[in-house]
Amino acid sequence: MQKLARQQNRKGSKIGFVPTMGYLHAGHVSLVHEARKRVGKNGFVVVSIYVNPTQFGPNEDLSRYPRDLKRDLTMCRAAGVNVVFTPSDPEMYPGKQENRHCTYVSEECLSRGMEGSSRPTHFRGVTTVVAKLFNLVLPDVAVFGQKDFQQAAVIRRMVRDLNFPIRIVVAPTHREPDGLAMSSRNKYLNPEERAQAVILFHALQAASAGVRKKAVPASQMLKDLSAFITVAPLARLDYIEFFDPETLTPVDKVKPGTQMALAVFFGKTRLIDNARL
Ligand code: AMP
């Protein structure tokens, strides 16, 4: 991969990169189009498909994460991707079995709350694998989804702090017609759960509507939205946070421009969503 990337560099082609865990959907494809737009028709667009074990906690869905490489490759070809990089675990983490993976990258400011609290080792795995992928793919531009808002913020911070010469682009969240954010994990939902999963989007809309006329104390908003979510009997709220979109610091008053993020369980399936109110 690195050799190929160097060749493209020497030819003067810009490299655009979309890291994914596969089981692709229209949200991923929109990131590919964004990457193409950034590097031009002579640019080189790389998609990686790698279900990275170091970003999964011990009781999470690593072993059952959905995979369909054949379908992914067809989608990538149709979207005009130049190369799909699909490394194996031993290639990415040689010697891990003997405990020989010793170097990790961790961002220690923006990783703390929200996904970082609910999934304590998650971001260390993400920053480690993304740093490795950046060193392999050598991109000029890398595109991430707003759907994983905190992840995008953590990656931006890592790139700034470690001087990666890479432009980070964050693309909008692609949604199903009813508003549910597209996610590979939506496949886990049974029909009843799927119907109720739209509650995440409705909670974001309700919060937006609630702050249109006046600022609302975050504690009040949290109470109201927690009650709102119980309208979906299969939903179990993990967290709702209101914060500054740049610093990710929680705010006391929720108003237009505040970022809201939430995580909700349906059975074992954990869904996340967020929006600028
Ligand atoms: P994943 O395969 O879930 O790790 O996601 C790979 C990339 O796609 C990440 O940058 C995600 O934020 C992004 N992504 C996931 N879902 C969506 C969506 N519905 N719309 C846009 N981007 C998304």
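## Shell around the ligand

Helix α2 gives the most to the shell around the ligand, with three residues, and α2 (26–39), β1 (15–20) and β4 (141–145) each supply at least two residues of that shell; helices (H or I, at least four residues) and strands (E, at least two) are DSSP runs numbered from the N terminus. This is a predicted model, in which local features need pLDDT of at least 70 and side-chain atom pairs count only at pLDDT 80 or more, while totals for chains, interfaces and linings use all residues. Residues are numbered from 1 along each chain as its sequence is written, and side-chain values use heavy atoms, with hydrogens and water left out.

Of the 17 residues around the ligand, those that come nearest are His-28, Gly-145, Asp-148, His-174 and Met-182, where a residue is near if one of its heavy atoms lies within 4 Å of the molecule.

## Polar contacts and cover

A nitrogen atom of the ligand is 2.8 Å from a polar backbone atom of His-174, and a nitrogen atom of the ligand is 2.9 Å from a polar backbone atom of Met-182. The protein covers 93% of the 480 Å² of accessible area that the ligand has on its own (Shrake-Rupley method, 1.4 Å probe).

## Between the domains

Domain 1 (2–171) and domain 2 (184–276), with bounds from an automatic or database domain assignment, both give residues to the lining of the second largest pocket, so this pocket lies between them. The largest share of its lining, six residues, comes from helix α7 (residues 149–161).

Note on methods:
Polar contact = N/O pair within 3.5 Å; in protein donor to acceptor, adjacent residues only side chain to side chain.
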